[in-house]
Amino acid sequence: MTVDWVVLTAALVGLGLTSVAAVRTGTSSVGDAIGAALSSGRVSDGIFVMDGFEFLRHVPVAQRNALALFRDRTDDELLAAAGGQSRNSLNALAEGDLDTARFWAERRYISEIVAKERGLTPNPNQPSAAELIAAVDAAS
């Protein structure tokens with residue numbers, strides 16, 4: 001009877017170690033990607049900045065939530081959302097609502113981060129986040 005428990009326990013420990021090894025590989029690569037993205041950014045006055053882009057309308061928690069939302073979308077949904085964000089920003093800019101225009105330009109930037117992670121090229125007929133921000137700044 002004791003031998004049965006020893007064999008059963010050894011099998012369970014072996015299964016656990018095998019599972020840990022399998023999961024470790026996947027989580028390690030995801031962790032490395034997250035670490036690389038975070039190391040390229042900095043926190044300035046409580047606002048997370050990446051690639052020289054400073055968020056004014058999205059606090060860090062809103063940035064993380066938007067990143068998670070966009071990462072859950074398919075490639076087609078992500079690119080369609082980027083187009084909608086550009087249109088929303090331009091529409092708000094045309095109406096003189098600079099806060100809303102900036103909000104949508106920042107959303108566009110966040111979707112561009114995810115597109116870049118996936119190797120996707122946004123529609124060249126739509127303004128980029130940088131172009132939208134430049135337009136908002138020029139209107140200010």
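1. Contact here means heavy atoms within 4.5 Å. Helices (H or I, at least four residues) and strands (E, at least two) are DSSP runs, numbered from the N terminus.

2. On the source: this is a predicted model, in which local features need pLDDT of at least 70 and side-chain atom pairs count only at pLDDT 80 or more, while totals for chains, interfaces and linings use all residues. Residues are numbered from 1 along each chain as its sequence is written, and side-chain values use heavy atoms, with hydrogens and water left out.

3. Overall content. The protein has five helices and three strands, in the order α-β-β-β-α-α-α-α along the sequence. Of its 140 residues, 28% are buried, where buried means under 20% relative accessible area, exposed over 50%, and partly exposed in between (1.4 Å probe, protein chains only). Among contacts between residues at least 6 apart in sequence, 65% join residues at least 24 apart.

4. Helix α4. This helix covers residues 98–118, 21 residues in total, and spans 30 Å from its first C-alpha to its last, close to the 30 Å expected at 1.5 Å a residue. The expected span is 1.5 Å times one less than the number of residues. Its buried residues are A101, R102, A105, E106, R107, R108, Y109, I110, S111, I113, V114 and A115. After α4 comes G119, with a positive phi near 75°.

5. α2 against α4. Helix α2 (residues 60–71) packs on α4 at an angle of about 50°, with the axes 9 Å apart. Axes are lines fitted to C-alpha atoms, for helices over the stretch in contact, and angles run from 0 to 180 degrees between N-to-C directions. The two helices are therefore oblique to each other; angles under 35 degrees count as roughly parallel, over 145 as roughly antiparallel, 65 to 115 as roughly perpendicular and the rest as oblique.

6. α3 against α4. The axes of helix α3 (residues 75–94) and α4 come within 8 Å and cross at roughly 160°, so α3 and α4 are roughly antiparallel. Their crossing is left-handed. On the α3 side the contact is made by D75, L78, A82, G83, Q85, S86, N88, S89, A92 and L93, and the α4 residues include W104, R107, R108 and S111.

7. α3 against α5. These axes come within 11 Å and cross at roughly 10°, so α3 and α5 are roughly parallel. S86, S89, L90 and L93 of α3 meet L132, A135, V136 and A139 of α5.

8. Two single residues. T121 is in the loop between α4 and α5 (129–139) and counts as exposed, at 67% relative accessibility. T121 and L79 are 42 residues apart in sequence and 8.5 Å apart in space, C-alpha to C-alpha.

Key:
A crossing is left-handed if the near helix is turned anticlockwise from the far one by less than a right angle, and right-handed if clockwise.
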